[in-house]
Amino acid sequence: MKQKYNVTVEGLGIEISTGTLAGLASGAVTISQGETELFVSTTVASALRPGQDFFPLTVDYREKFSAGGKFPGGYFKREGKPSEKEILTSRLCDRPLRPLFPKGFMNEVQVIGILLATDQVHEPDVLMVNAASAATLISDAPWNGPVGCVRVGQIEGEFVTNPTHDEMLDSDLDLIYVGSETEMMMIEGSAEFISDERFYEALEYGQKAIQPIIAAQKELAKLAGKAKKEYNLVVTPAEVAEFCEAHAADKVKEALGHDSYTERKIAIEGIAKETSVALREKLGDENVDSNDVARAFDEIQEKLYRQNILDTGRRVDGRGVADLRTISCDSGVLPRVHGSAVFNRGETQALVITTLGTSRDVQDIDGLTGGATSKSFILHYNFPPFSTGETGRFGFTGRREIGHGALAERSLLPILPPEDEFPYAIRVVSEVMSSNGSTSMASICGGCLSMMDAGVPITAPCAGISTGLVSERDADGNITKHVVLTDILGAEDHFGDMDFKIAGTKDGITGFQLDLKIQGLPFDITLEAIKQNAIARMKILAIMGEHLPESRSDLREHAPRIHTIQIDPEKIGALIGPGGKNIRRITEVSGAQIDIDEDNSGRVLIFSTDKEAMDRAIQEVELCTAEIVVGKTYRGIVRGIKDFGAFVECLPGKEGLVHISELADFRVNKTEDICKLGDEMVVKCVGMEKGKVRLSRKAALEDAKDAAEDAEETETAAEDSE
C-alpha cells in the first residue's frame, strides 16, 4: 500500500501531499485550499538529446472542465488548446523555477499541473507555483529551491494574503509574490496607482507571508524527498574556451563598441565564424562542436558586457547606468483607424492601433476559476521575426506574446474611464516593428498615446520602463558589487541579472513584473530599482506629454458614435417587443446598433458611424418609449374600426379612441365613411379617462385650419407693410 505524506501550511489553509498519485514521476504532489485542488508533477529526462544546446524546461498548466462540474464547449467535448489563463499561469510558474537549476544542467525537465477541482473561491494560479516548487523539491532533479508564492491584495488600506475572488473585487492591489527563504524571485501584477513606498511595503509583506509555505515544503521533503541524482553538467571545454578567449576577446570588445544592434550582431557573428575556422584547423573538425564555440562566445560577451558596466559604469551604447535612450513619439499616423501611435525608444519601436467597438465586441471568457466572464478592454501584442532582423515562424501567437500583452493590458486598465461614462469596447494592438529591449513597456507607452489619439478620455497618461542589474557575488553567494541599469538593451537583458518592469502614472504604479536570472534579489537593490524606475518613468511621461498633452476632444471620423437615452425601465419590454421584433425592426430600418443595459436601469445605447442612421434610431426609440400627451397632435395609423369610432395607433404599441363624433366637423353616420384599416390619420389627444386615451380628428383639423389662417394673416400683414 502506498504511503501518503501530508503537510499543512500554517495559517493559510493550504495542504500539500504526496505518495498516492503518479509514482513513476520524478516528483508529484497534490495541493488544496478549501475545495480547490491541483495535481502537479515534475519529471526529469535521463539523458540529453543529441546536439542539445539549451535547457528545455517546460511548464504546462491545464484546467479540466470536470473540475468545475462542466462539459467542454464545442463538438468534440474535449479540452483543446490552452486558454490565455492557462498560458499565463504556466509562465508564472516557469519564471521563478528556471533560475534555481544549476548552470550547465540541460536535461529536459517537464512540470505538468492539472486542476482537479475548483470551489470558485480560491485562485489556483498561486497553488500551481507552490505545488510545482514542492514537486521539484522532492524529485531527484538538482534544484536550489524551494520557493513560496502568495497573492497579496490591499483592502481598505490593509494587506491581505491570498484573497478570495470576492475579496479581490474590493482590492486595489493584485500582487503575485514569489521568493526563496531570504530573497525575492519573481513578482507580477497590477495596482490602482499604488505609491512606490507602499509597493515596497507590499513586497516586504509578501516575503514574510511565504515563509510558512517554504517551511511546509521543507518538511515534506524530509518525509518523502528523493535523493538528488548526479547529472552531467554541460560546460565549455577548457581548450575551446581558452582558444576563443585568446583569439577573439579583444575583437569582440571592439565589436561591442558599434552603436547599432545590427552592426554589433554582424561583427560578432563574423568573429565567431573566423574563430571557429581557426579552432577547427588547430583541433580538427571532429574535435570541435559548434555548440561549444557558440557557448564560449556567449560567455565572452557576458564577461565583457558585465565587466565594462561594473568597472566603468558605461554601457555598449555609451549611456550611463541611469540614462534613457532617445525617445520620440507620433500619433494619428494611420488613416481610417480609430487611433494610432508610434513610440520609439532607441532601436525599439512599437506601432500601436486602437479600435473602438460596441458591447457586442467584448471578449467572452469561458473560465472555470471565477472572476469576470467578459472583458471590454483587450490588448494584443505581436512580435514578428523581422523586428529583430531575423526570419522565423510568423502568424503564430506564442506564450511570450500572450504574456507581454497581458502585462501591458493590466498596466493600462486602471487609466480607462468608467464604462458608464465611455461605454465602448476597446481593443489595442501593439505591432512591434523593431526590438532591442523592453518592447512590452514601449507597447504601454504607445498604447496610451494610441488611445488618447482615439479620443478615449483616460484618467492620466501611463508609461513603463524596465531596469536591469549587473552584480558580483562572493563565494558565499552574497552580492559584493552591483549596478542597476535603466532602460536595458536586449543584450543587457540576456547577459544581465534581472528585468524589472514597472508601469504607472504620475499618481502611482499600475503594473509590474520581475524576472531574474540569479537566485534571488536582495531587498536593498529592489528599493534602489524602484526609485530609479520612477525617475525614468516621469521623464518618459514628460516626453509623451509634450507630444500629446491630453486625449483628443472628439472621436475619429470612422469611429462609432454612441448616444445614450434613459428610458423608464418598465418600458424596456415595449422597446424590445415580442421576441425582440421591435428592436430588430429599428436596427434594420436605421442601420444602427442598439444595446440595452442588462441591469434593468433603463439605459439604452445607440451605436452608429452614420449621423442619419443615428438620428433615425433615436427617433424610433423615442417613439417606442414615449407616452401620448394631452394636447399633442400625432400622425397615427387606424388599427381598429368600430360602430362608435376608430382606434388609432399614435405611437408604436400605443393607441386611443377617436369617437365617431370626433371624426369630422360634421355628422358622421358610419366610421367607414371617414377611414378604413391602415389609413393614416392626424389626430389630437383631447383627454385621458381612467387610463384610456381620447383622440379627436376634428380637433386636429381645426388646429390645422387655425394655423393656416394665422399664416395667411401674417403674410397679408407683411404685404401691407411693403
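The following legends describe close-up views of a predicted model.

**View A. A patch of negative charge on the surface includes Asp-665.** The residues gathered in this patch are Asp-665, Glu-702, Asp-706, Glu-709, Asp-710, Glu-712, Glu-713 and Glu-715. Asp-665 belongs to the loop that runs between β27 (654–659) and β28 (680–689). Its relative accessibility is 62%, so Asp-665 counts as exposed.

**View B. Arg-537 is a buried residue of helix α12.** The helix spans residues 523–547. Arg-537 is classed as buried because its relative accessible area is 2%, where buried means under 20%. Leaving aside residues up to four places away in sequence, Arg-537 touches Asp-196, Ala-463, Ile-465, Ile-502, Ala-503, Gly-504 and Ile-509.

**View C. Gly-145 and Pro-146 are joined by a cis peptide bond.** The omega angle of this bond is about 5°. Pro-146 sits in the loop between α2 (124–138) and β7 (148–155). Most peptide bonds are trans.

**View D. Ala-22 has a positive phi.** The phi value of Ala-22 is near 55°, and the residue is not a glycine. Ala-22 lies in the loop between β2 (14–18) and β3 (27–33). With 36% relative accessibility, Ala-22 counts as partly exposed.

**View E. Lys-77 has a positive phi.** For Lys-77, phi is near 55°. Most residues other than glycine have a negative phi. The loop between β5 (57–63) and α1 (84–97) contains Lys-77. Because its relative accessible area is 46%, Lys-77 is partly exposed.

Definitions and conventions:
Residues are numbered from 1 along each chain as its sequence is written. This is a predicted model: local features need pLDDT of at least 70, side-chain atom pairs count only at pLDDT 80 or more; totals for chains, interfaces and linings use all residues. Side-chain values use heavy atoms; hydrogens and water are left out. Patches are made of residues with over 30% relative accessible area and no salt bridge: like charges are joined within 9 Å, nonpolar side chains (Val, Leu, Ile, Met, Phe, Trp, Tyr) within 5 Å. Accessible areas come from the Shrake-Rupley method with a 1.4 Å probe; for residues, only the protein chains shown count as cover. A salt bridge is a side-chain nitrogen of Lys or Arg within 4 Å of a carboxyl oxygen of Asp or Glu. Lys and Arg count as positive and Asp and Glu as negative; His and the chain ends are not counted. The place of a charge is taken as NZ of Lys, CZ of Arg, CG of Asp or CD of Glu. Helices (H or I, at least four residues) and strands (E, at least two) are DSSP runs, numbered from the N terminus. Buried means under 20% relative accessible area, exposed over 50%, partly exposed in between (1.4 Å probe, protein chains only). Contact means heavy atoms within 4.5 Å.
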